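Hi everyone, thanks for coming. I'd like to walk you through one complex today, and please keep the viewer open while I talk.

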Amino acid sequence: EDKEGDESKEEDNGSQPNRASRRKNYQRKNRDGKKAREEGNQKKDRGKTAPNKDQKESENKEKKTTKRGKEGETKQKKDRKNSTSSASSNSSDEESLSEEELAMLKEQVEQKKKLISTMRNKPWRMVKKLSVLREAQNFVEKFEGALGKGKGKKLYAYKMMMAKKWVKFKRDFENFKTQCIPWEMKIKEVESHFGSSVASYFIFLRWMYGVNLVLFGLIFGLVIIPEVLMGMPYGSLPRKTVPRAEQATAMDFSVLWDFEGYIKYSALFYGYYNNQRTIGWLKYRLPMAYFMVGISIFGYSLMVVIRSMARNANESTADGDDDNFIFSWKMFTSWDYLIGNPETADNKFASITTSFKESIVDEQESNKDENIHLRRFLRVLANVLIICCLCGSGYLIYFVVKRSQTFSKMQNVGWYERNEVEIVMSLLGMFCPPLFETIAALENYHPRIGLKWQLGRIFALFLGNLYTFLLALMDDVNEKLAEEDVVKNITHWTLLGHHNSSAGNDSTVTPPPLDPADVPRGPCWETTVGIEFVRLTVSDILVTYITILVGDFIRACFVRFVNYCWCWDLEAGFPSYAEFDISGNVLGLVFNQGMIWMGSFYAPGLVGINVLRLLTSMYFQCWAVMSSNVPHARVFKASKSNNFYMGLLLLILFLSLLPVAYTIMSLPPSFDCGPFSGKKRMYDVIQETIELDFPLFVAKIFSYVANPGLIIPAILLMVLTIYYLNAVSKAYQRANAELKKKMQMQREEEKNKRNNKASTNPMLQDLEDLLTPSTKTESPLKQAEDKKIESLNGTSPVRKPGRGEVLAGSPMAGGRGAAFTPPSQVFVAQPRTLGVRAPYPGQPRPWGHPLGPVPGRGRGQPCY
Amino acid sequence: MGNKQTIFTQEQLDAYQDCTFFTRKEILRLFHRYRDLAPQLVPLDYSDKPAVTLPYELIGSMPELKDNPFRQRIAEVFSEHGDGNMTLDDFLDMFSVLSEMAPRDLKAYYAFKIYDFNNDDYICKSDLEKTVNKLTRNELTPEEVSLVCEKVIYEADADNDGKLSLADFQHMIIRAPDFLSTFHIRI
């Protein structure tokens, strides 16, 4: 490029006329070449009805570029030859011509290919698209082979062929992929009945299912299946055997239901795994795999959540808080084209109407605020009440968990005592949200803001409950740890050192003299934690399903069938049908996922349970929604594009990472159960692997890397990077806002200018707008009258709204629309008759006065 | 995948896949949906491109469209002669534009055409009034309707000619948070 620039400068100094003549030459040549090339196309071109613009434009562009390129090249040649005669350059052109032609052709082929790939984005009729497509394909087909020459030709043809194959493969793969997306039709059905917002919950559920399937694959493929296939069988070790005292009842359903007995001593829980370094003939390093899988579950989940958040953020270029287009958006985007059900459509119509009315009222009363003190007081009161509720529920859970610990020490406790924690937590989760909703009615927020508050409060409730539960559990764990020390000594003496041989190296374990069922063993706090989480999850599943069954299905049946013989209309009156609670369901799903993340380290089988749950949930909830719910009376925005739920998920993920990381890093693992038994800390397994399995220098490198002197600067660097990127994004945001403001200002300015220009006689225009059919004949008369009005008012055409007008109607009705309201129509009609019958000067004034400012503001004049 | 279908030739299918946002299977499904509207009219062999047109009454009775207040406009915009009667090509076109994959600009272009009731390439006040009345089933009073229309023009009319041009419309709609999610029909 710059070379060409230099040359052209030289050229400018020297031979201006020469250049011109040469250009003419090229042009001619170009034309000739083109003619020759296009002869092939001629027939096709004739067949085409209308040559499309794009193609022409691109051709023109090509012409220009090739011309320039040619000039450059010939100039080079000219320099080489040191001659300026046009004849010589002309002759040298002969050989470069074909090259140029080829380049041009290539470019054109590329152009056509681009056209083919973007054909579907063109707003043309299908017939036209098809014909243009065929043409482009033919063109590419025809000239693709001709490109390249000599040795390059074959390679080029090969490349083209591969590219074609690749495109075909991609398309087939794409077809295959869309076929693999499950539940597409099911979701579509829900969507057509309930609109996009309810369907967004099911799409979220499906996404969640996909994530859990990956986690399930990781855990089952890398931990559970190797252990089952290659690990020591059941009954070979104390940790893999049900203790003698429990054996009599280990198969009872009531025991299994509490995840005790055989389930407790199975591969579903942490305690089952052996601390043998390698298992089976594969020398599979199970403890290492267990640890890495536990970490990679969090890693994968974090990655997926953040990636989808980023994608959402990228997709939504729109900033929802832009309130420049309230009415426009309401008008053009409020209808959900997905709706295909008359009932939903009715609701949608109603909700659109209310939303229009609401925003009209908002417009009219935007600065009316009555009794702000009362409202403030009510809001504070509501928040105090809700905080009380939260604290109360937190305390209740703490109390119950503490009590359950004393229960667990007692013998033969009842069913209720054993399941008290889960029952209380489920009941709290069931009754607190409606309570919050009732309290929130005090606050009188806008429904959308109200929904956010409500979600935040439920979130706080769940989170508080979960963390209280964790704290209580932690107490429990600490107690167990103390207990363990005692047991450890007993075991030690019982086994007389036999046990010690199994720790450490991978020599075969000498069988203890005792039967594994008789060995005294520690409480194994990890399994206890795992069992707690599994029980919580299962009871959560049950409560959810029962709620759906009773709260939705039975209620719907009752309303439907008892309605025939009841005193009032059940369908329209009190119980009516249930609505699908999107936000509650999404929150439930998010919390459930948090529990899975927290529990999966200590209960690898938990993810399997969750996959089953999501699978059944998909079918069950789809069925429940279609059979017993009614569409929302108030339709909320679809949550698919906004990141609110994803943000909640990320928060939960982070919060569930904390306790797991804490236990891994700072609690000693149990001495006689689990893959890390015998180690001081769980992460020692990595050190062990590095020391024993890797060459020495890796260990060295690792020890260098793990040096705090390196880690602290690395963290510092990351923090600084985050700070810098944050600052950059802030700056961009500011620039964006600035630009937006500028655009807005420009627009306003333009409007003002036009207004001033156009409104030499705004009133006339306005009247004409109003009375188009009838005024034509009377316009001269009216014009005169208008002039009179203006002169009488004696002000510029664009005026501030008069006081009388403010009194007459609300200020916001003062747009041009005010002229269309019935009262104004009445008075508009009045002057007309006056004008026709008795146009005397004094009369129009009282009528004309309120009319004056109307057009000015309607035409975009800002309110001063 | 089975090549048993004899409705289209392979080239036709490829061309349709290039021209729409549908996969092969979806195109076949759409064809069957189209055919189900009038099995006696639509032949099972489309390889020689029969000129079959289905009347609007049939198109508008599809469950995907029958509750849509703008169904007539949609059919008119996508039909060849603007009368709502559709060939298979028009039908594919329509659902391609309304599919999830279609880009914002394309959707905005067709949305503009749909809301432009009198086909004058501007959305003027009468178009807006029609839109509001269709959206609310004439529940709003005339004053409210005209107030809403005024506000829309005030908000979106950048060049201040009292009506919305395509550029105005695109400028406004591209920022709308739920335009993409609502202006689509899943089939």
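**Starting in chain A**

Let's begin with residues 644–665 of chain A: this span is 100% helix and 0% strand, with 32 Å between its end C-alpha atoms. Please remember throughout that this is a predicted model.

Now over to chain B. How far can we trust it? The mean pLDDT of chain B is 84, and 97% of its residues reach 70 or more. Among the elements of chain B, helix α6 (residues 104–115) has the highest mean pLDDT, 89, while helix α10 (residues 179–182) has the lowest, 80. For the complex, the predictor gives an ipTM of 0.89 and a pTM of 0.67.

What does the record say about chain B? UniProt, again in an unreviewed entry, places "domain: EF-hand" at residues 103–138 and at residues 144–179 of chain B. In the model, residues 103–138 of chain B are 67% helix and 0% strand, and the end C-alpha atoms lie 32 Å apart. For residues 144–179 of chain B, the figures are 61% helix, 0% strand and 24 Å between the end C-alpha atoms.

So much for the chains; let's bring them together. How many residues does each chain put into the contact? Chain B gives 83 residues and chain A gives 79. Between them, the two chains bury about 7100 Å², and 58% of that is on carbon and sulfur atoms.

On the polar side, 17 residue pairs are in polar contact across the interface of chain B and chain A, counting pairs with both residues at pLDDT 80 or more. Which helix gives the largest share of the side of chain B that touches chain A? That is helix α8 (residues 142–156) of chain B, with 11 residues. By class, that side of chain B has 41 nonpolar, 13 polar and 29 charged residues.

Finally, the salt bridges: the count between chain B and chain A is 2.

Definitions and conventions: Residues are numbered from 1 along each chain as its sequence is written. Chains are lettered from A and ligands numbered from 1 in the order in which they are written. This is a predicted model: local features need pLDDT of at least 70, side-chain atom pairs count only at pLDDT 80 or more; totals for chains, interfaces and linings use all residues. Side-chain values use heavy atoms; hydrogens and water are left out. pLDDT is the predictor's confidence in each residue, from 0 to 100. Helices (H or I, at least four residues) and strands (E, at least two) are DSSP runs, numbered from the N terminus. Contact means heavy atoms within 4.5 Å. Buried area is the accessible area (1.4 Å probe) that two parts lose on being put together, summed over both. A salt bridge is a side-chain nitrogen of Lys or Arg within 4 Å of a carboxyl oxygen of Asp or Glu. A polar contact is a pair of N or O atoms within 3.5 Å; within protein, one must be able to donate a hydrogen and the other to accept it, and residues adjacent in sequence count only if both atoms are side-chain atoms. Ala, Val, Leu, Ile, Met, Phe, Trp, Tyr, Cys and Pro count as nonpolar, Asp, Glu, Lys and Arg as charged, and the others, Gly among them, as polar. UniProt positions are given in the numbering used here, feature names are shortened, and annotations may be inferred rather than shown by experiment.
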